[in-house]
Amino acid sequence: MAEEVVGRRYEIELYMSHADEMLQVAEHNLAEGFYSTAVNRAYYAVFYAANALLATQGLSRGKHSGVVAAFRQHFVKPGLIEAEYGRIYGQLMDDRRGGDYDLETIIEPERAAADVKYAHQFVERVRQYLQQEGWL
């Protein structure tokens, strides 16, 4: 059992390290005017942070839609994380999808800046929860 907890802690730390890196890259891309890429990296910061949460319960999902669904089911629905973070995740997912796959979608600087800001809020809320629960 102790080994399992140590393994989960390590996995959680890796996910959060990736989330932090994606936030830094998103900020860099935003500053350089690469708005679609900034949104993409902001989304991945949220994705990695959500995976860190899922790891606390020994859960993992292979698809993006599975991660957001599990996050909402296991953390938002029971009230462990506020509902606004479920909405943030969905908004970033939609914006990233548009920027990555719809060639006609233009990500405006304001949208990119808002998404990066929301990603920071999401990652910090996850970090707060993980610290509060003794995972970090």
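**View 1. Helices α2 and α4 meet in a left-handed crossing.** A crossing is called left-handed if the near helix is turned anticlockwise from the far one by less than a right angle, and right-handed if it is turned clockwise. The model is predicted, and for that reason local features need a pLDDT of at least 70 and side-chain atom pairs count only at pLDDT 80 or more, whereas totals for chains, interfaces and linings use all residues. Residues are numbered from 1 along each chain as its sequence is written, and side-chain values use heavy atoms, with hydrogens and water left out. Helices (H or I, at least four residues) and strands (E, at least two) are DSSP runs, numbered from the N terminus.

The two helices pack at an angle of about 140 degrees, with their axes 9 Å apart; axes here are lines fitted to C-alpha atoms, for helices over the stretch in contact, and angles run from 0 to 180 degrees between N-to-C directions. This angle makes α2 oblique to α4, since angles under 35 degrees count as roughly parallel, those over 145 as roughly antiparallel, those from 65 to 115 as roughly perpendicular, and the rest as oblique. From α2, the contact (heavy atoms within 4.5 Å) is made by Ser36, Val39, Asn40, Ala42, Tyr43, Tyr44, Val46, Phe47 and Ala50, and from α4 by Tyr89, Leu92, Met93, Asp95, Arg96, Gly99 and Asp100. By class, this contact of α2 with α4 has 10 nonpolar, 3 polar and 3 charged residues, where Ala, Val, Leu, Ile, Met, Phe, Trp, Tyr, Cys and Pro count as nonpolar, Asp, Glu, Lys and Arg as charged, and the others, Gly among them, as polar.

**View 2. Helix α2 beside helix α3.** The axes of α2 (residues 35-56) and α3 (residues 64-76) come within 10 Å and cross at roughly 55 degrees, which makes α2 oblique to α3. In passing α3, α2 forms a left-handed crossing. On the α2 side, Tyr43, Tyr44, Phe47, Ala50, Asn51, Leu53, Leu54 and Thr56 take part, and they meet His64, Val67, Ala70, Phe71 and Phe75 of α3. The residues of this contact divide into 10 nonpolar, 3 polar and no charged.

**View 3. Helix α1 along helix α2, with Arg41.** The axes of α1 and α2 come within 8 Å and cross at roughly 165 degrees, which makes α1 roughly antiparallel to α2. The crossing of α1 past α2 is left-handed, and the residues of their contact divide into 18 nonpolar, 5 polar and 3 charged. Arg41 belongs to α2 and, with a relative accessible area of 22%, is partly exposed; buried means under 20% relative accessible area, exposed means over 50%, and partly exposed lies in between (1.4 Å probe, protein chains only). Leaving aside neighbours within four places in sequence, Arg41 is in contact with Met22, Val25, Ala26 and Asn29. Although Arg41 and Val25 are 16 residues apart along the chain, their C-alpha atoms are separated by 6.6 Å.

**View 4. The largest nonpolar core, with Tyr89 among its members.** A nonpolar core is a set of buried Ala, Val, Leu, Ile, Met, Phe, Trp, Tyr and Cys residues joined through side-chain atoms within 4.5 Å. Of the 45 residues in the largest such core, Met16, Leu53, Phe71, Tyr89, Phe122 and Leu130 touch the most other members. The elements that give two or more residues to this core are α1 (2-32), α2, α3, α4 (83-101) and α5 (109-132), and α2 gives the most, with 15 residues. Leaving aside its neighbours within four places in sequence, Tyr89 is in contact with Tyr43, Val46, Phe47, Ala50, His64, Val67, Val68, Phe71 and Phe122.

**View 5. Asp115 and Tyr129, two residues of helix α5.** Asp115, found in α5, counts as buried at 0% relative accessibility. Not counting residues up to four places away in sequence, Tyr129 touches Leu53, Phe75, Leu80 and Ile81. Tyr129 and Leu53 are 76 residues apart in sequence, yet 8.5 Å apart in space, C-alpha to C-alpha.
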